[in-house]
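Here is a short walk through one protein model. It begins with an open space and then turns to a pair of helices beside it in the text.

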Amino acid sequence: MDSENGDKAILSVSGLRTYFFTKNGTVKAVDDISFDLRKGEILCIVGESGSGKTVTALSLLRLIEPPGRIVEGKIMFEEKNLLDIPISEMQKIRGNRIAMIFQDPHSSLNPVLTIGEQITEAMTAHRNLAKSEAKAQTIELLRLVEIPEPERRFHEYPHQFSGGMKQRVMVAMALACEPSVLIADEPTTALDLTIQAQILDLFMELRKKFSMSIIYITHDLGVVSELADRIAVMYGGRIMEKGRRDDVLKNPLHPYTRGLIDCLLSESEKLASIPGTIPNLIDLPEGCIFHPRCISAMDICRTERPGSSKIETEHYVYCFRYGGR
Ligand code: SF4
């Protein structure tokens, strides 16, 4: 799989659409998105809540529940389209080759099992290891994610861990099967700023140490500016702009990305906000879905959907102001 700049992509998503068929109408939660993830990079998917970030992540693992369904697209991973393989094969990939960390570590850990039991269970579910070996490797993992006194804490229960320590345990659990792709969905949202910074450092360390590819989902552009190699900006289930971190953050082109960055820069003064509200995914505006909020909208924006325009080697924007046909 060649990525958008010709490098090998470890994961390549094209034309992905995930809809929810509700009695009130069809919710186009993810509507024709494409992106690549390369070995050893951190791709940040950023957007407001309801922009389709989490549904994108769940789609990659085929964890969409009815009334949701992936209606179209390709997710290429290790030469296979994950949407074409049997569910039994997908279950082997999930948690093994591709692991996911969720926002809330409290609900992801089993309160009646010790931390050590839970990590060794994750490890032995996919790898053939003797119990003693699994325990030794679990303690190593706890050490790696910087949990103090790992031998002692192996035997403790989730309620004996703080929020930040629980999230470290979740990272250790995700790493237990040595995945090549790690998807992290807002993993620091519930944590205070100091702990958040420590977890972000941990992600950067993991990427360096294991050449791990990470998809990091967040609404926080501050986090993105620290962590990302590349960025995809989502709005209303679609990608608005994507590219290398500095290209997108220092030269944002899409009016929505510009709005987000203005909000970030003026956060302390609470001056800027993007006028209007995020679209109703059941009743999306015609044309460019951002047009009701866009100060640069033209007539064509109200009737036609913009395609991608390549600005730099890896910098793409979906806007008629830059071509978009
Ligand atoms: Fe604004 Fe038109 Fe560009 Fe959409 S396509 S962001 S409405 S200028």
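This is a predicted model: local features need pLDDT of at least 70, side-chain atom pairs count only at pLDDT 80 or more; totals for chains, interfaces and linings use all residues.

A residue is counted as lining a pocket if it has an atom within 4 Å of one of the grid points that make up that pocket.

The volume of the largest pocket is about 460 Å³. Its lining is made up of 20 residues, and those nearest the centre are Gly 95, Met 100, Ala 122, Met 173 and Ala 174. Sorted by class, the lining holds 14 nonpolar residues, four polar ones and two charged ones.

Which elements give two or more residues to this lining? They are the strand β6, at 98-101, together with α4 and α7. Of these, α4 supplies the largest share, with five residues.

The helices α4 and α7 also meet each other. Helix α4 covers residues 115-126 and helix α7 covers residues 163-175. Their axes come within 8 Å and cross at roughly 25°. Angles under 35 degrees count as roughly parallel, so α4 is roughly parallel to α7. The crossing of the two helices is right-handed.

On the α4 side, the contact is made by Ile 115, Gln 118, Ile 119 and Ala 122. On the α7 side, Val 169, Ala 172 and Met 173 take part. Six of the residues in this contact are nonpolar and one is polar, while none is charged. Ala 122 and Met 173 belong to this contact, and both are also among the residues nearest the centre of the largest pocket.

Methods:
Residues are numbered from 1 along each chain as its sequence is written. Side-chain values use heavy atoms; hydrogens and water are left out. Axes are lines fitted to C-alpha atoms, for helices over the stretch in contact, and angles run from 0 to 180 degrees between N-to-C directions. Helices (H or I, at least four residues) and strands (E, at least two) are DSSP runs, numbered from the N terminus. Angles under 35 degrees count as roughly parallel, over 145 as roughly antiparallel, 65 to 115 as roughly perpendicular and the rest as oblique. A crossing is left-handed if the near helix is turned anticlockwise from the far one by less than a right angle, and right-handed if clockwise. Contact means heavy atoms within 4.5 Å. Ala, Val, Leu, Ile, Met, Phe, Trp, Tyr, Cys and Pro count as nonpolar, Asp, Glu, Lys and Arg as charged, and the others, Gly among them, as polar. On a 1 Å grid over the protein atoms alone, a cavity is a set of points where a 1.4 Å probe fits but cannot get out, and a pocket is an open set with protein on both sides within 12 Å along at least five of seven lines; lining residues have an atom within 4 Å of a point. Grid points are joined across faces, edges and corners, and a volume is the space filled by probe spheres set on the points.
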